[in-house]
Amino acid sequence: MSVEYAILNDMTPADTPSASQLSRAALLHTLHDEGRILILPNAWDAVSARVVEESGAAAIATTSAGVAWSLGARDGGGISSERALDVARSIVAAVDLPVSVDIEAGYADLAVTVAGVIRAGGVGINLEDARDGALLPLAEGVANIALARATAEEAGLPLFINARIDTFFKAHPTPLAEAITRAHAYLAAGASGIFVPGVTDPETIAALVREIPAPVNIMAEPGSPSVPELAALGVRRVSAGSSIAQAAYALVQDAATEMLTAGTYDTVAGMLDYARLNAVR
């Protein structure tokens, strides 16, 4: 008996998604409907998720890099699925919004990780097709999407699977054509949407939207088209990736440097109110 089979068939009634989790899952799918764009300023812990929620977000998406860094580890396999799921549970408990969890390439055991996301109350995942700095073979990427979908179906949750395609990040010789090929294969295997990071050129973004029959997610960064411009191109989801976490750590560095050198504190003049941060549940 495979590990995946044993775990999925050990589901108890307590593991069945609640009505509220099913409702949040349906909402996450609806938020990708044509005519709107879902904006996701990625969070990495309970407090950042709560701040994002209070800023007006419609859903929460985590950044695996931000989560790993907050735990003193590297992104890309630096933490176990157990540690990542602990963070996911704390985020789900802190907000009232649908939560999509960045699970990298699935950690050590994809089926266990996906089942863990569902048990934690998550309703979406971000699943990438690269590991150890290299693109996975297409067949392996397809198998991973199919396994994630089967795991979610066994649990009884319409999980939103955002399939990340790293052809632009990994310098594939024909990144656009390969991304489109992979997108169609991943959708056929059970993906709900397609995430292609590393793209800022409007023509390339338009080509992705035109050729991929599903919600397309673009990662925003300095130099990217604005949210209204992405919406006009047909993009249905825009996320920040690790950039907000990186900016937060840059503030730490700047504030520490100012205090240790100039002896002043101007960098933290715009800090959030103590009581507001202390109210996280």
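Q: How do helix α6 and helix α7 pack, at what angle and how far apart are their axes?
A: In this predicted model, helix α6 (residues 110-120) packs against helix α7 (residues 138-155) at an angle of about 40°, and their axes are 9 Å apart. That makes α6 oblique to α7.

Q: And which hand does the crossing of α6 and α7 have?
A: The crossing of these two helices, α6 and α7, is right-handed.

Q: What about α8 and α9, what angle do they pack at?
A: Helix α8 (residues 175-189) and helix α9 (residues 202-211) pack at an angle of about 25°, with 10 Å between their axes. That makes α8 roughly parallel to α9, since angles under 35 degrees count as roughly parallel. As for handedness, α8 passes α9 in a right-handed crossing.

Q: Switching to charges, how many salt bridges are there?
A: The count comes to nine salt bridges, taking a side-chain nitrogen of Lys or Arg within 4 Å of a carboxyl oxygen of Asp or Glu.

Q: Which residue does Arg 276 form a salt bridge with?
A: Arg 276 forms a salt bridge with Glu 54, and the closest N and O atoms of the pair are 2.8 Å apart. Arg 276 lies in helix α12 and Glu 54 in helix α3 (residues 46-54), so the pair ties together parts that are 222 residues apart in sequence.

Q: Which residues are linked with Glu 54 and Arg 276 in a network?
A: Arg 50 is linked with Glu 54 and Arg 276 in a network of salt bridges. Arg 276 is partly exposed at 33% relative accessibility, and Glu 54 is also partly exposed, with a relative accessible area of 41%.

Q: What about Glu 128 and Arg 164, how do their side chains meet?
A: The side chains of Glu 128 and Arg 164 meet in a salt bridge, at 3.6 Å from N to O. Glu 128 lies in strand β4 (residues 124-128) and Arg 164 in strand β7 (residues 160-164), so this pair ties together parts that are 36 residues apart in sequence.

Q: Is Glu 128 buried or exposed?
A: Glu 128 is buried, with a relative accessible area of 14%, and Arg 164 counts as buried at 14% relative accessibility.

Q: Last topic, which residues form a nonpolar patch on the surface?
A: Met 259, Tyr 265, Val 268 and Met 271 form that patch, and together they have about 470 Å² of accessible area. Among them, Met 271 lies in the loop between α11 (243-261) and α12 (274-278), and Met 271 is exposed, with a relative accessible area of 65%.

Technical notes
Residues numbered from 1 in each chain as written. Predicted model: local features only at pLDDT ≥ 70, side-chain atom pairs only at ≥ 80, totals over all residues. Heavy atoms only, no water. Patch = residues over 30% accessible without salt bridge, like charges linked within 9 Å, V, L, I, M, F, W, Y side chains within 5 Å. Areas by Shrake-Rupley, 256 points an atom, 1.4 Å probe, with all protein chains shown as cover. Helix = DSSP H or I, 4+ residues; strand = E, 2+ residues; numbered from the N terminus. Buried < 20%, exposed > 50% of the residue type's maximum accessible area, 1.4 Å probe, protein only. Axes fitted to C-alpha atoms, helices over the stretch in contact; angles between N-to-C directions. Parallel < 35°, antiparallel > 145°, perpendicular 65-115°, else oblique. Left-handed = near helix turned anticlockwise from the far one by under 90°.
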